[in-house]
Amino acid sequence: VAERTDHDAPGRAPLADPAAARRRAEQREARVVTGLAELDSWLCDQVRHGLAASQQAGYRHWDGIAARMVDAQAPGLAERLRALAAVPHSGAGWEDRLLEEYALLRLLATAGRSQGRLPPALRDTVRSRVGFTVRQADVLAGATAVADRWHVLARRDTVTDRIRTRRTWLRGIRTGRPALVLSFAAAGQVLDDSLTPGTGTDADLAFYPGAVALRAVVADRRGVAAGGVPAGTTAAGLLAGYAAALAADPWLEIWPAVLDATPVRAGVASQPGLRDAAAGTLPLHPGAGDCWPLFALSGGRPLTVAGEWTPRGLWPLTAWDEDGRPVPL
Amino acid sequence: MTSWRDLVTASLIGTERAVVPAVSLPGLPPGAEAAGGAGDSAAVLLDRAALATAARRAGRRPDHAEPLPECDRDPRPAVSPAAGARLERMLRGEYPGLLAEWLAAAGARGLRPPLQLLPALLDRACRAGLAGAGLAGAGLAGAGLAGAGLAGAGLQRLAAEAGGPRARWLAALNPDWDFVTATGRTGPDTWRLGDASQRRGYLTGLLVSDPDAGRELIAASWAGAPGRERLEFLAALGGQLRPGDEPALEAALGDPSQDVRARAADLLATLPGSALGRRMAGRALACVRTEPGARGPELIITPPADRDDSMRRDGIPPIPAAPGSARPDRRRLLLEIVARTPLSTWTAAAGLSPAQVAARPAGDWAPALFSGWARAAIAQRDHDWITALIRLAIAGPLRFPAAALPAVKELALVADPALGAPGALPEPGPDTPPAARAILAVLRFRWDMLEELGYAGGAGT
């Protein structure tokens, strides 16, 4: 999703030798460009020989190329490649998803090798997805922070390589701007618990650069306020918002969703979905399971659901019950 | 999108053998799809797939689905957030034995559980029903003295009531939760045509709403019912026994099914004034007598060598061999007799309180005696005894054998909730044995639970 940064990174340390630092930076750029070329030819090899064998290939198949991307100092690509090992076993449509991933990776490799010709914001997006990190201190020092009352909509915790990641989705009540605050914790550490879904918080948010600047860091926090029920959109409205974001960042795969809708399902075995007042329906993400608590909350009546929209469906994270109370799902 | 499927097919085969299909995307500027058209066909395929992927994701339209029927409104307010959070902890595995009490207490206050917890609650009740059917014969030998079959049916009924209209609405979506509608259904059709869980639910409900009709139904169905079902009848009856049930239960002591005989004996042991209770009291007094000791009266224990036929008929199970011996474990036999003996046997004749009786030294026999009393106190719902035994377990130097632990913990599940009030019992210290700690923890949990449900002072169940 976004690059990891060192949370406790001290401010920019005085450089002993600016020339040496510049040399190191240039070496890394060169290494990454070489790595991108290698990735590109690996991707083309896959498609040349055919993806049919991928279901028999073990995780080593992707680990090898991922390790080479680590060597090339492109950790963002390495992470994305390692995640691919699960795709051939992700159920019906895995071929489609694997081809999508390979295609988007080649797009990234191509874009990464012609950074100079990209608009600055898109270049920032490409560099971030390749794995160039932006230090939090630089984000705080850089762009002007956005002041608003931020509605904490939802959060989701995931684990990759023993690192737990917490994604917290916010939305400015005044600006309507979506924001994503990430928190990381290694084994034994606790995740940041300061942003509780359903609450509001008066704060300044500093956004990381990018074509779709979603990721932010809390620059200044003035206090907690009531959140209320957030305004939801329709299925078509959500898809239109995602389409607009994709136009700026074609690699964007997680998009914040707030929907006014009713959970529906055709039968126990069928994939549940969310149906808006105009009958527009979006599937819930298969990984989110049966979502029975969401159905129990709704009882066949519409409610406001916040979550993450992805190409595989909507992952519901928070719902507001009929008394307007937020319920984490 | 046909061209996307063609791309996927070509990618599966590989561009060594497949031709790269053209993509047609509405609205694409002319020539754009030819991007990367020259050179490596694999690269061309990937570039076209990238274009199609973005188009597919950005061009997605909502599906259409049929709405579900709306659920009837539930007029009951939800429990407090603290009570809901505790229910969630219990559904995740903390003190599952208190779930029924939570549901009954909330129901008596006219409150409902948080809606989002209903699926987990219904799942739990569903599993309890399945487990209950399998364990119905465990009887007094197991920890669940009230009978796991009844507990399962009882939890299903409580969960269905607590869930109200929303639970019925959910049950229509998931067949696992059929019992919700089964327990609420009335009429002889359920009894005639329903499956085992529906019949159990119907009978349990009928015994509550119309006790006489429930008993008539059991009597009319008894002779033709298989052993397994006769066991269910007794399990359903167990929760609301009346003195008038004794003749039928005595008759069941001669039942062909071993499980039915054992269950009938267990029930008779809990029925005040039953003949079985008097027979058991005779056995108990024959093997426990009081003699003056150096520091006051002591209990002298002389159980028989093994169970005899009359004991077997009265539900005493086979006695396993003592550790390191070929002979039956007499401690076990003592325990089984005491567990079925009316507790008044110990106090009434001697004019003593339960605490005074329980505190008498009994040497090596003390743990078996304690476990027997604990089981009797739970089965006979005798709060004076339960309180006395809990105080003894916390204060005394008793060392409980591992086998007695479930019975000891169960004391705390059925004790007067006021024992869990702060200051009601001594706080655990460094010397407090683990079993006593467990008792105190359960009692405190129950106290907090009932307070959250509006029972000021914790009492009221």
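User: Which strands does H7(A) lie across, and at what angle does it run to E6(A)?

Analyst: This is a predicted model, so the geometry below is that of the prediction. H7(A) lies across E6, E8, strand E9 (303-310) and strand E10 (313-320) of chain A. Relative to E6(A), the helix H7(A) runs at about 160°.

User: What is the order of strands in the open sheet of seven strands, and which strands stand at the edges?

Analyst: The pairing in this sheet is antiparallel, and the order is E11(A)-E10(A)-E9(A)-E6(A)-E7(A)-E8(A)-E1(B). Each edge strand has a single partner strand, so one side of each is left without a neighbour in the sheet. The edge strands are strand E11 (326-328) of chain A and E1 of chain B.

User: How many bridges pair E8(A) with strand E1 of chain B, and which residues are the bridge partners of A:Gly280 and A:Thr281?

Analyst: E8(A) pairs with strand E1 (residues 63-64) of chain B in the antiparallel sense, over two bridges. A:Gly280 has B:His64 as its bridge partner. For A:Thr281 the bridge partner in E1(B) is B:Asp63.

User: How many residues of each chain are in contact, and what area do chain A and chain B bury between them?

Analyst: The contact set holds 49 residues of chain A and 47 residues of chain B. In chain A, the residues that lose the most area to chain B are A:Arg48, A:Trp292 and A:Arg301, together 15% of what that side buries. Carbon and sulfur atoms carry 60% of the buried area, and the total between the two chains is about 4,300 Å².

User: How many salt bridges and how many residue pairs in polar contact does the rule find across the interface of chain A and chain B?

Analyst: Side chains of opposite charge can pair when their charged atoms come close. One pair is B:Arg57 with A:Glu253, whose side chains meet in a salt bridge at 3.0 Å, N to O. Across the interface of chain A and chain B there are eight salt bridges. The polar contacts across that interface, counted with both residues at pLDDT 80 or more, come to 26 residue pairs.

User: Which element gives the most residues to the side of chain A that touches chain B?

Analyst: Elements that each supply at least two residues include helix H1 (18-49), helix H7 (235-248) and strand E6 (255-264) of chain A. The residues of that side divide into 32 nonpolar, seven polar and ten charged. With ten residues, the element that gives the most is H4(A).

User: What is the strand order of the open sheet of five strands in chain A, and what does the twist average from one strand to the next?

Analyst: The order in chain A is E3-E2-E1-E4-E5, with antiparallel pairing. Strand E3 (178-185) and strand E5 (216-226) of chain A are the edge strands, each pairing on one side only. From one strand to the next, the twist averages 40°.

User: How many bridges join strand E1 of chain A to strand E2 of chain A, and which residue is the bridge partner of A:Arg155?

Analyst: Strand E1 (residues 146-160) and strand E2 (residues 163-172) of chain A run antiparallel and are joined by ten bridges. In E2(A), the partner of A:Arg155 is A:Thr168.

User: Which parts of chain A does the salt bridge of A:Glu38 and A:Arg68 tie together?

Analyst: The two side chains meet at 2.4 Å, N to O, in the pair A:Glu38 and A:Arg68. These residues are 30 residues apart in sequence, so the pair ties together helix H1 of chain A and helix H2 (residues 60-71) of chain A.

Methods: Residues are numbered from 1 along each chain as its sequence is written. Chains are lettered from A and ligands numbered from 1 in the order in which they are written. This is a predicted model: local features need pLDDT of at least 70, side-chain atom pairs count only at pLDDT 80 or more; totals for chains, interfaces and linings use all residues. Side-chain values use heavy atoms; hydrogens and water are left out. Contact means heavy atoms within 4.5 Å. Buried area is the accessible area (1.4 Å probe) that two parts lose on being put together, summed over both. A salt bridge is a side-chain nitrogen of Lys or Arg within 4 Å of a carboxyl oxygen of Asp or Glu. A polar contact is a pair of N or O atoms within 3.5 Å; within protein, one must be able to donate a hydrogen and the other to accept it, and residues adjacent in sequence count only if both atoms are side-chain atoms. Helices (H or I, at least four residues) and strands (E, at least two) are DSSP runs, numbered from the N terminus. Ala, Val, Leu, Ile, Met, Phe, Trp, Tyr, Cys and Pro count as nonpolar, Asp, Glu, Lys and Arg as charged, and the others, Gly among them, as polar. Two strands pair if DSSP finds at least two bridges between them. Axes are lines fitted to C-alpha atoms, for helices over the stretch in contact, and angles run from 0 to 180 degrees between N-to-C directions.
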